[in-house]
Amino acid sequence: MFAETICSAVSAAGLGIAAVTAYRKRFLAAARLAAYSLVPIGLVMTGAVEWAAETAFSPVAWAGFGVLGAAWLLFMGTRAVERRSGGTRKERRAAEKAARREAVAPAASAPSLGPSTRPAAKAPQKKAAPAEDFSDIEAILKKHGI
């Protein structure tokens, strides 16, 4: 009851300010103020204010929000741990089995370890004259995307 009275008073005050604004020939601003002023009374008429007041003063509702917060924290915590460890338990086991199966190729005499991490040997490049050696500058510019 108290919340409805306050919302009605806010709406009436807002409509009064909108009327004064319209009297000053600022019709667009007055219409906008009138629209904002009608929101609280509309919420009262739909019952949203009564529901919010019942929820705000209900200890059971606040306990429910606490339980929802704890569930969210648990969910996010388990997701963070799962990402750090590299997937779910089932995925890790499948990756270990696949790694054991593919460690040695069927007809190979030595274990195949996958693609090499070392860069491939490059063909020797022709060096420019000392006065025209701008390779360092070019490397810096390429690094910065210029």
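The following legends describe close-up views of a predicted model.

**Figure 1. Overall architecture of the predicted protein.** The model contains six helices and zero strands, and its elements follow the order α-α-α-α-α-α along the sequence. Of the 146 residues of the protein, 8% count as buried. Among contacts with a separation of 6 or more, 30% involve residues 24 or more positions apart.

**Figure 2. The pairing of helices α1 and α2.** The axes of the two helices, α1 and α2, come within 8 Å and cross at roughly 170°. Because angles over 145 degrees count as roughly antiparallel, α1 and α2 are assigned to that class. On the α1 side, the contact includes Glu 4, Cys 7, Ser 8, Val 10, Ser 11, Gly 14, Leu 15, Ile 17, Ala 18, Thr 21 and Ala 22. These residues meet Phe 27, Ala 29, Ala 30, Leu 33, Ala 34, Ser 37, Leu 38, Pro 40, Ile 41 and Val 44 of α2. By residue class, the contact of α1 with α2 comprises 15 nonpolar, five polar and one charged.

Figure 3. Thr 21 belongs to helix α1, which spans residues 2-23. With a relative accessible area of 12%, Thr 21 is buried, because the class takes in values under 20%. A polar atom of the Thr 21 side chain lies 2.8 Å from the backbone oxygen of Ile 17. When residues up to four places away in sequence are not counted, Thr 21 touches Arg 26, Ala 29, Ala 30 and Leu 33. Of these partners, Ala 29, Ala 30 and Leu 33 are also listed among the α2 residues that meet α1.

**Figure 4. The surroundings of Ser 37 in helix α2.** Ser 37 is part of helix α2 and faces α1 residues across the contact of the two helices. Its relative accessible area is 6%, so Ser 37 is classed as buried. A polar atom of the Ser 37 side chain is found 3.4 Å from the backbone nitrogen of Leu 15. Leaving aside neighbours within four places in sequence, Ser 37 is in contact with Ser 11, Gly 14 and Leu 15.

**Figure 5. Lys 25 in the loop between α1 and α2.** Lys 25 lies in the loop that joins α1 to α2, the latter covering residues 27-46. Which backbone feature marks Lys 25? Its phi is positive, at about 70°, although Lys 25 is not a glycine. Most residues other than glycine have a negative phi. Lys 25 is exposed, with a relative accessible area of 65%.

Figure 6. Ala 53 is located in helix α3, which covers residues 48-56. At 28% relative accessibility, Ala 53 counts as partly exposed, because this class lies between the limits of 20% and 50%. Ala 53 and Phe 2 are 51 residues apart along the chain, and their C-alpha atoms are separated by 9.6 Å.

**Figure 7. Ala 3 of helix α1 and its separation from Pro 40.** Ala 3 is a residue of helix α1. Its relative accessible area is 27%, so Ala 3 is partly exposed. The C-alpha atom of Ala 3 is 10.0 Å from that of Pro 40, a residue 37 places away along the chain. Pro 40 is one of the α2 residues that meet α1.

Key: Residues numbered from 1 in each chain as written. Predicted model: local features only at pLDDT ≥ 70, side-chain atom pairs only at ≥ 80, totals over all residues. Heavy atoms only, no water. Helix = DSSP H or I, 4+ residues; strand = E, 2+ residues; numbered from the N terminus. Buried < 20%, exposed > 50% of the residue type's maximum accessible area, 1.4 Å probe, protein only. Polar contact = N/O pair within 3.5 Å; in protein donor to acceptor, adjacent residues only side chain to side chain. Contact = heavy atoms within 4.5 Å. Axes fitted to C-alpha atoms, helices over the stretch in contact; angles between N-to-C directions. Parallel < 35°, antiparallel > 145°, perpendicular 65-115°, else oblique. Nonpolar A, V, L, I, M, F, W, Y, C, P; charged D, E, K, R; others polar.
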